[in-house]
Amino acid sequence: MGKLDWMDVSDLSFNALLLLEKMQLDYLPKMEIPRKELAVALKANPAVEWYLRHKTAWLDSWLDAVKEENPGLTLSRERIRRAEIAVLENMSDWLVYVVAPEMYDRLDFLNWDSQELREVADFQGRRVIDLGAGTGRLTLVAAEEAAEVFAVEPVASLREYLKEKAEERGYSNIYVVDGLIEAIPFPGNFADIIMGGHVFGECCLQEYREMLRVVKPGGKLVLCPGNNDCDNEVHDFLVSRSFQWSSFLEPGDGLKRKYWKKVTGSTLEKG
Ligand SMILES: C[S@@+](CC[C@H](N)C(=O)[O-])C[C@H]1O[C@@H](n2cnc3c(N)ncnc32)[C@H](O)[C@@H]1O
């Protein structure tokens, strides 16, 4: 996972890591966190190390290795702060969700044309699920016409933010719930439309199977945006499952691809 410049972390306390949730901590070894900087920062912040180890026990071996590679670090306050910032900068996407959801909500790339979503799904009167709903970029578009939208979001601070935003805007058809794309918290054949933006692709097969399980026969799957504008593994996977696709512009972040597919077949043979 590459570094995303989503917030200025220069004044952020290293204790912000204590706000991260277990499912966020699970990603840490996959991020490009500079290991020496992490070792320096953790040595100076033992409570953060304790939290990481106790919240997510399987991080133990990764943390042990990071520390073993960088033994005996005794450093100045300035050096420690540089290390803390280097670590924080490499997780600014996860941190912005727990520290300042409103900052994520103002990022330029969210200003893509909502018509891109409406073009591929008729929400009128439908039951919709938005996976990885975040601050509601897709949820709020669907809720204009849908009967009900279930916004599934694993990060509690984002759920709170989205609930408040939906209430402030007067929506009574948005239900914000905890859950994961790879374990959707609804029974089979539940929704007419299942969608997600910037969330599909960590475990394509498992995520796709879950969406297929929960969508009604004849329903629709929509990923908007579902991918960068490139023929990578995610693209090949989706095309091999008969998704249609096209590209559109995300302001400040270039072309992205959206994918959509009408699900055919009976309950047992959906595909
Ligand atoms: C880049 S944001 C996109 C948010 C929103 N869909 C949008 O387009 O603005 C990714 C979102 O997916 C959530 N997320 C990350 N991993 C997830 C998972 N395994 N299942 C469901 N949501 C996940 C994050 O918490 C975050 O809110």
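How many salt bridges does the rule find across the interface of domain 1 and domain 2? The rule finds 1 there, counting a salt bridge when a side-chain nitrogen of Lys or Arg lies within 4 Å of a carboxyl oxygen of Asp or Glu. Please keep in mind that this is a predicted model, in which local features need pLDDT of at least 70 and side-chain atom pairs count only at pLDDT 80 or more, while totals for chains, interfaces and linings use all residues. Residues are numbered from 1 along each chain as its sequence is written, and side-chain values use heavy atoms, with hydrogens and water left out.

View A. On the domain 1 side 8 residues are in contact with 7 residues of domain 2, where contact means heavy atoms within 4.5 Å. The size of an interface is often given as the accessible area lost when the parts come together. Here the buried area is about 570 Å², with carbon and sulfur atoms giving 61% of it; this is the accessible area (1.4 Å probe) that the two parts lose on being put together, summed over both. In domain 1, E21, M23 and Y97 lose the most area to domain 2, together 69% of what that side buries.

**View B. Polar links across the domain interface.** The rule finds 3 residue pairs in polar contact across the interface of domain 1 and domain 2, both residues being at pLDDT 80 or more. A polar contact is a pair of N or O atoms within 3.5 Å; within protein, one must be able to donate a hydrogen and the other to accept it, and residues adjacent in sequence count only if both atoms are side-chain atoms. On the domain 1 side, the elements giving two or more residues are α1 (22-25) and α6 (92-99), and α6 supplies the largest share, 3 residues. Helices (H or I, at least four residues) and strands (E, at least two) are DSSP runs, numbered from the N terminus.

**View C. R53 and D64 pair between helices α3 and α4.** The closest N and O atoms of this salt bridge are 2.9 Å apart. R53 is buried at 18% relative accessible area, whereas D64 is partly exposed at 33%; buried means under 20%, exposed over 50%, and partly exposed in between (1.4 Å probe, protein chains only). Look around the pair and you will find a network of salt bridges linking E49, R53, D60, D64 and K67. The buried residues of α3, R53 among them, pack against α1, α2 (35-44) and α4 (60-69).

**View D. K258 forms a salt bridge with E119.** The closest N and O atoms are 3.1 Å apart. K258 lies in strand β7 and E119 in the loop between α8 and β1, so the pair ties together parts that are 139 residues apart in sequence. K258 is buried at 2% relative accessible area, while E119 is exposed at 55%.

**View E. T135 sits in the loop between β1 (127-131) and α9 (139-143).** T135 is buried, with a relative accessible area of 1%. Not counting residues up to four places away in sequence, T135 touches several others, including P101, Y104, L110 and Y161.
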